[in-house]
Amino acid sequence: MAMASSYLQCNHQHQLHLPSIRPNGFSFFKPKINFRRTQLIKCTRKQVEVVYDPDERRNKLADEVDKEAPLSRLTLFSPCKINAFLRITNKREDGFHDLASLFHVISLGDTIKFSLSPLKSRDRLSTNVPGIPVDDSNLIIKALNLYRKKTESDNFFWIHLDKKVPSGAGLGGGSSNAATALWAANQFNGCVATEKELQEWSSEIGSDIPFFFSHGAAYCTGRGEVCFCLHKNGANRCLSCFISDHVVQDIPPPIPLDVPMVLIKPREACPTAEVYKHLRLDQTTKVDPLTLLEQISRNGLSQDVCINDLEAPAFQVLPSLKRLKQRIIAAGRGQYDAVFMSGSGSTIVGIGSPDPPQFIYDDNEYEDVFLSEARFITREVNQWYREPASTNACSEPPAFSETVG
């Protein structure tokens with residue numbers, strides 16, 4: 001103690017952070033050894049005091065969980081989606097809008113790591129992106145709370161979200177995270193719930209979440225909970241959120257899975273509520289969405305079928321987004337089969353090429369845009385989505401900064 005006291009003579013308190021390395025390669029907690037200096041009587045030197053940190057005990061408890069639980073850790077891919085077309089058909093009495101849309105999962109996604117917590121009290125969520133809530137307002141935590149409510153499971157989790165899908169993009173990243181969390185909770189609990197039950201429950205916390213329990217492609221109507229799931233060998237008409245029967249009708253795949261695309265999202269987001277405030281039903285397209293689905297199934301994606309009724313109001317909210325779409329079409333010179341906005345924005349999708357137009361790199365106005373190539377993906381029955389090895393996000397999220405709620 002005397003050596004430490006003579007060595008540390010500065011007038012400020014310092015902390016030495018020692019990372020606790022978990023066997024799966026990331027840390028949920030960072031035990032701290034605090035060097036606190038207290039003034040000794042008639043002495044200018046400081047006394048070093050080592051303070052016990054209870055997080056070290058928690059890590060030891062986690063090791064015991066690993067030994068005893070059949071499944072203690074799970075890492076899952078959480079992909080996002082695009083809307084190949086999106087028609088708004090009606091405004092309902094409850095204030096929501098009826099939509100008809102072809103949703104499809106794509107290869108861009110987040111990675112979520114789940115570990116059983118030895119603490120039977122609450123979940124702890126960390127993320128690599130600052131600003132993402134880690135409390136009960138996060139859809140991951142909402143999904144885990146919902147699962148415990150439905151099944152009376154007493155499992156709680158440490159969760160780390162490695163975020164790659166940008167927020168406010170119209171890509172359903174948060175909804176996918178929630179669906180992935182429900183799937184994970186069910187795996188840890190011995191799969192006591194069916195996929196149909198998970199899909200049905202998920203509609204209680206978000207309109208888009210049930211889609212991710214399709215097998216990758218779905219024609220969605222209503223608020224998003226009613227879907228016709230399109231499989232690679234045909235189509236399951238699956239009104240499975242609220243209707244129990246499945247009617248299977250074989251049809252050709254609506255979109256080839258090897259079609260390349262590029263995602264271009266400016267820094268600015270389009271608040272969904274603001275977009276809907278600017279929506280005027282008398283200015284939407286009148287084409288039958290089933291006709292669009294049939295044309296896509298027969299001929300693939302093209303500019304005349306990739307219709308999004310939310311584009312016009314989104315362009316009012318964010319005029320620069322309209323200019324971006326126009327410039328991509330003009331600069332592409334036939335490079336893209338279709339250029340359109342996904343969801344309520346602000347991502348612009350270019351179908352037919354994984355490369356953005358050159359002006360995206362040259363113009364300072366677009367130096368902060370998010371870029372990623374992607375392709376369509378599906379999942380197998382009783383399996384969750386898997387990340388393709390070739391997915392390339394061209395713009396990285398901010399450097400890692402962990403927050404624990």
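**Helix H4 and its neighbours**

Guide: The crossing of H4 and H5 is right-handed. This is a predicted model, and that holds for everything that follows. Two packed helices are described by the angle between their axes and by the distance between those axes. For H4 and helix H5, which covers residues 195-202, the angle is about 135° and the axes lie 10 Å apart. Angles over 145 degrees would count as roughly antiparallel, and those from 65 to 115 as roughly perpendicular; H4 and H5 are therefore oblique to each other.

The residues that make this contact can be named. From H4 come Leu-182, Trp-183 and Asn-186, and they meet Glu-195, Leu-198 and Ser-202 of H5. By class, three residues in the contact of H4 with H5 are nonpolar, two are polar and one is charged.

H4 also packs against another helix. Helix H3 spans residues 139-151 and H4 spans residues 173-188; their axes are 8 Å apart and meet at an angle of about 35°. The crossing of H3 and H4 is right-handed. On the H3 side, the contact is made by Leu-139, Ile-140, Ala-143, Leu-144 and Tyr-147. On the H4 side, the residues are Gly-174, Ser-175, Asn-177, Ala-178, Ala-181, Leu-182, Ala-185 and Asn-186. Nine residues of the contact of H3 with H4 are nonpolar and four are polar, with no charged residues.

For comparison, here is a part of the chain built from strands. Strand S13, residues 338-341, is covered on both faces. Ala-338 and Phe-340 are buried on one side, and Val-339 and Met-341 are buried on the other. S13 runs antiparallel to strand S14, residues 348-351, and four bridges join the two.

Last, the setting. The protein chain has ten helices and 15 strands. It has 405 residues, of which 50% count as buried. Of the contacts between residues at least 6 apart in sequence, 71% join residues at least 24 apart.

Methods
Residues are numbered from 1 along each chain as its sequence is written. This is a predicted model: local features need pLDDT of at least 70, side-chain atom pairs count only at pLDDT 80 or more; totals for chains, interfaces and linings use all residues. Side-chain values use heavy atoms; hydrogens and water are left out. Axes are lines fitted to C-alpha atoms, for helices over the stretch in contact, and angles run from 0 to 180 degrees between N-to-C directions. A crossing is left-handed if the near helix is turned anticlockwise from the far one by less than a right angle, and right-handed if clockwise. Contact means heavy atoms within 4.5 Å. Ala, Val, Leu, Ile, Met, Phe, Trp, Tyr, Cys and Pro count as nonpolar, Asp, Glu, Lys and Arg as charged, and the others, Gly among them, as polar. Buried means under 20% relative accessible area, exposed over 50%, partly exposed in between (1.4 Å probe, protein chains only). Two strands pair if DSSP finds at least two bridges between them. Angles under 35 degrees count as roughly parallel, over 145 as roughly antiparallel, 65 to 115 as roughly perpendicular and the rest as oblique.
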